[in-house]
Amino acid sequence: MGLQLWETLKEAITAYTGLSPATFFTVVALLWAIYYVVTGLFGSSDDHHQRSRAFEEQMEPLPPPVQLGEIPEEELKQYDGSDPKKPLLMAIKGQIYDVSQSRMFYGPGGPYALFAGKDASRALAKMSFEEQDLTGDISGLGPFELDALQDWEYKFMSKYVKVGTIKKTVAVTGGDNGNGEASGTTEGDAKPAGDGSSQNAVAGTDAKEE
């Protein structure tokens, strides 16, 4: 029931706004940011001072993106914005992007803060903020969701700098090696027996010919 409702909502967004779900939610986030700034202007002096200071920090020139290369997904969590001295990173389909310039959205307190430091491909495709969807696993997604993810990927590719990729872990089991070694051993042991049988057969043939 919930899934059908969500699909209906996404179709309604496209039908009534003419925007893709990704674009629609981006516009909503921008409106939220504008509201945040406007309310800050009319807040208390202390709040205004703190927010102005935070805004000034965000407006400071950003250091150039640092290329990380291939890193484990666990290491990516260090770049979720909790440490202001580190870049703010996020991944889509295993590709890591520096989103430090959009700290207002992806940094602590931002509407998309939970995506930072993670490969949030599945969550972006489904427009989901559920913890179980904060993963790079996109198996089982429908065509509509894959299209939405593609929109997000194009946006990131055009706006942010790619700084690395997530290292894929491949499970290596000892079962194959063990079987291979056992198989090799079996073949080696069987070979002399085969040679002996051939020699006996040849000897038997020679005896009959004589």
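Predicted model: local features only at pLDDT ≥ 70, side-chain atom pairs only at ≥ 80, totals over all residues.
Biologist: What makes arginine 122 and aspartate 133 a salt bridge?

Modeller: Their closest N and O atoms are 3.9 Å apart, and the cut-off is within 4 Å, so the pair counts. The two sit in distant parts of the chain, 11 residues apart: arginine 122 is in helix H6, aspartate 133 in the loop between H6 and H7.

Biologist: And what about lysine 126 and aspartate 133?

Modeller: Those side chains meet at 3.4 Å, N to O, so they pass that 4 Å limit as well.

Biologist: Why is aspartate 133 called buried?

Modeller: Buried means under 20% relative accessible area, and aspartate 133 has 7%, so it qualifies. Arginine 122 is at 17%, so it counts as buried too. Lysine 126 has 21%, so it goes down as partly exposed.

Biologist: How do you know whether glutamate 74 is buried or exposed?

Modeller: Exposed takes over 50%; glutamate 74 has 55%, so it is exposed. Its salt-bridge partner is lysine 77, at 3.3 Å, N to O. Lysine 77 has 46% relative accessibility, so partly exposed is the label there.

Biologist: How do you know that the buried residues of H7 line one face?

Modeller: They are Glu145, Ala148, Leu149, Trp152, Glu153 and Phe156. Looking down the axis of H7, they fall within an arc of 140°, so they line one face of the helix. The face turned away from that buried side carries the exposed Pro143, Asp147, Tyr154 and Ser158.

Technical notes
Residues numbered from 1 in each chain as written. Heavy atoms only, no water. Buried < 20%, exposed > 50% of the residue type's maximum accessible area, 1.4 Å probe, protein only. Helix = DSSP H or I, 4+ residues; strand = E, 2+ residues; numbered from the N terminus. Arc of directions from axis to C-beta.
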